[in-house]
Amino acid sequence: MLWTIFLLLNGLLILVLLYSTRTRRKNEPPLDKGLVPWLGHALEFGKDAAKFLSRMKAKHGDIFTVRVAGHYVTVLLDPNSFDEVINDTVRLDFARTRKQHLRQIFGLQLPSMEPTAQRRWMEQHFRGLCLSKLSSSMTGHLQSLLLSDHKDCGPSEWRQGGLFSLCYSLLFKAGYLTLFERRDNAEEVYNEFRKFDNLLNKVARDSLSREESKTVNSSREQLWKLLCPSWLSGGSETSSWQQSYSLFLQEQGVDAEMQKRALLLQLWTTQCNAGPAAFWLLGYLLTHPEAMEAIKSELRCLHFQENPTINPLESHSTPVLDSVLSETLRLTAAVMINREVVQEKTLLMSNGQRYRLRQGDRVCLFPFLSPQMDPEIHQDPQIFKYDRFLNEDNTPKDKFYKDGKILKYYTMPWGAGKNMCIGKEFAVTAIKQFVFLLLTHLDMEMCDPRDKLPPVNPTRYGFGMLQPDGDLRVRFRLKTKSYEM
Ligand code: HEM
Ligand SMILES: *[C@@H]1O[C@H](CO)[C@@H](O)[C@H](O)[C@H]1NC(C)=O
Ligand SMILES: *[C@@H]1O[C@H](CO)[C@@H](O)[C@H](O)[C@H]1NC(C)=O
């Protein structure tokens, strides 16, 4: 008996050693396992991925492999080599990790569904006529929410609030009213969603405390209930985006329970980025007076009163606002593009080096570090420069270089390739419209002019738009005369 236990333990020990003594083979990227067995660098990665990966980049260069919670992840930080990863859909796979995430975060399993079917459906519904209908509905909702928010205040009465809450709640509710069916519960859905969103990074990393796990579970249940329209349980005839989506899932053979759960995934995908983006944009404007002045003088030239039925943002180009948006997203959009190596691959870097990637490992691109915050590409990358994406003649600047080579990817807030954001045009229109409405209808200033933008919440690197730790206090009131800036 003792012998058996002894042998078993020995066997286990050898297995653990074999597993943890992975060494770098010829032509593989530098390997950094970290000191903790199995976990490797997981804690540092979860705490502040940008800081950790910068440290690794300084130590190893543009490509290296780190151990994170049992996985070996090869991180590639040379944007000129990104296409090698983005284009290879044979040896690198994203469906499996995605499936796992959907189950873990949204309790969602879509077994029979072809993985690209959903994407194709979405693309159809955020394009052409559908897109312009959605965008004009969004503009209408933004306007009425903004004005109804102020209907009980006199015109010269200042109100105070946090800029992040203001932006997130307005854009969320307008987006919800545009895409989803129920009109009566936007506020409730928003409040519940924020609880869920706040814990999302922990759900994804599987590091919830018991208490948090309970909160997430109850939030999720609550949202499934709130999002579920009457017709899912056999109701009326309408034709909203939400209804076409549920019909599509039905046709794909997805059962009623999973249809209900898929709505929360869509709520998250469509609503979690625009609000935070608008916050950073306005925050940068409020803390950079020269940028605010440039925007206002551009908007003043739009001649809105000419014809009130024409939307001035549709009929005029706004290169300064576009540059401000690009610059904001460069500083605050932090997606990670992950793939699983399903067949051994040789990765050819732009400098001619070749690296072997092992089957079963993962590959990760983190465009936030490079190109977006790369000092070789963008001078003083930490600094907000409103005209960074403008040429001298006020045309959009799209030529950036690294090592003397022109870059295809000089900023990547929307991802790339097969995973690129489908709602990009919708989002850009909505954010610009929101900023336009706010600046033309409200006077807004910081409560304390010496305030600075709050720092980034470092646990959210990798989850799309960053969010602030804290908020920026602002006061605002309805303008006595709209459009006077
Ligand atoms: C500033 C705003 C936004 C940013 C920065 C952003 C960014 C992204 C990124 C990086 C992805 C790829 C995610 C990945 O690779 O895993 C993505 C996917 C997507 N986004 Fe956006 N997004 C924004 C707003 C929106 C809006 C407003 C909508 C729709 C109303 C939208 C709809 C989608 C959809 C449908 C996908 C595809 C998800 C999939 O492949 O299943 N996005 N977005
Ligand atoms: C990747 O695909 C894009 C677009 O299809 C193409 O322009 C590019 O040359 C490809 N790059 C590589 C390295 O395969
Ligand atoms: C939350 O739900 C998950 C999956 O449904 C379950 O495994 C977990 O035990 C639940 N957590 C709590 C605290 O109830």
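User: Which helix is P371 found in?
Analyst: P371 is in helix α17, residues 368-372. Helices here are DSSP runs of H or I with at least four residues, strands are E runs of at least two, and both are numbered from the N terminus.

User: And what's the peptide bond from S370 to P371, cis or trans?
Analyst: That bond is cis, with omega near 15°. Keep in mind that this is a predicted model, where local features need pLDDT of at least 70, side-chain atom pairs count only at pLDDT 80 or more, and totals for chains, interfaces and linings use all residues. As for labels, residues are numbered from 1 along each chain as its sequence is written, while chains are lettered from A and ligands numbered from 1 in the order in which they are written.

User: OK, backbone again: what's phi of W38?
Analyst: Near 60°, which is a positive value in a residue other than glycine. W38 sits in the loop between β1 (31-32) and α2 (42-47).

User: Zooming out, how many helices and strands are there?
Analyst: The protein has 18 helices and 15 strands. Its radius of gyration is 24 Å, close to the 23 Å from the globule rule for 485 residues, so the protein is as compact as a globular protein of that length. That radius is taken over C-alpha atoms, and the rule is 2.2 Å times the number of residues to the power 0.38. The C-alpha trace spans about 85 × 60 × 40 Å along the principal axes.

User: Helix packing next. At what angle do α8 and α13 pack?
Analyst: About 140°, with the axes of α8 (residues 163-179) and α13 (residues 274-287) 8 Å apart. Axes are lines fitted to C-alpha atoms, for helices over the stretch in contact, and angles run from 0 to 180 degrees between N-to-C directions. The two are therefore oblique to each other; under 35 degrees counts as roughly parallel, over 145 as roughly antiparallel, 65 to 115 as roughly perpendicular and the rest as oblique.

User: Which residues make the contact?
Analyst: From α8 they include F164, Y168 and F172, and from α13 they include P276, F279 and L282. Contact means C-beta atoms, placed from the backbone, within 7 Å. By class, the contact of α8 with α13 has 11 nonpolar, 3 polar and no charged residues. Ala, Val, Leu, Ile, Met, Phe, Trp, Tyr, Cys and Pro count as nonpolar, Asp, Glu, Lys and Arg as charged, and the others, Gly among them, as polar.

User: How about α13 and α14, what angle there?
Analyst: Their axes cross at roughly 110° and come within 5 Å, with α14 covering residues 289-300. α13 and α14 are therefore roughly perpendicular. Y284, L285 and L286 of α13 meet A291, M292 and I295 of α14, giving 6 nonpolar, no polar and no charged residues.

User: And α9 with α10? What angle and distance?
Analyst: α9 (residues 186-205) and α10 (residues 210-227) pack at about 140° with axes 9 Å apart, so α9 is oblique to α10. The contact of α9 with α10 divides into 8 nonpolar, 3 polar and 6 charged residues.

User: Switching to ligands. How many residues surround ligand 1?
Analyst: There are 21, and the closest are N273, G415, N419, C421 and G423. Elements giving two or more residues to that shell include α12 (256-271), α13 and α18 (424-441). A residue is near a molecule if its C-beta atom, placed from the backbone, lies within 6 Å of it. The ligand 1 shell has 13 nonpolar, 7 polar and 1 charged.

User: What surrounds ligand 3?
Analyst: R210, S213, K214 and N217. That shell has no nonpolar, 2 polar and 2 charged residues.

Definitions and conventions:
Two residues are in contact if their C-beta atoms, placed from the backbone, lie within 7 Å.
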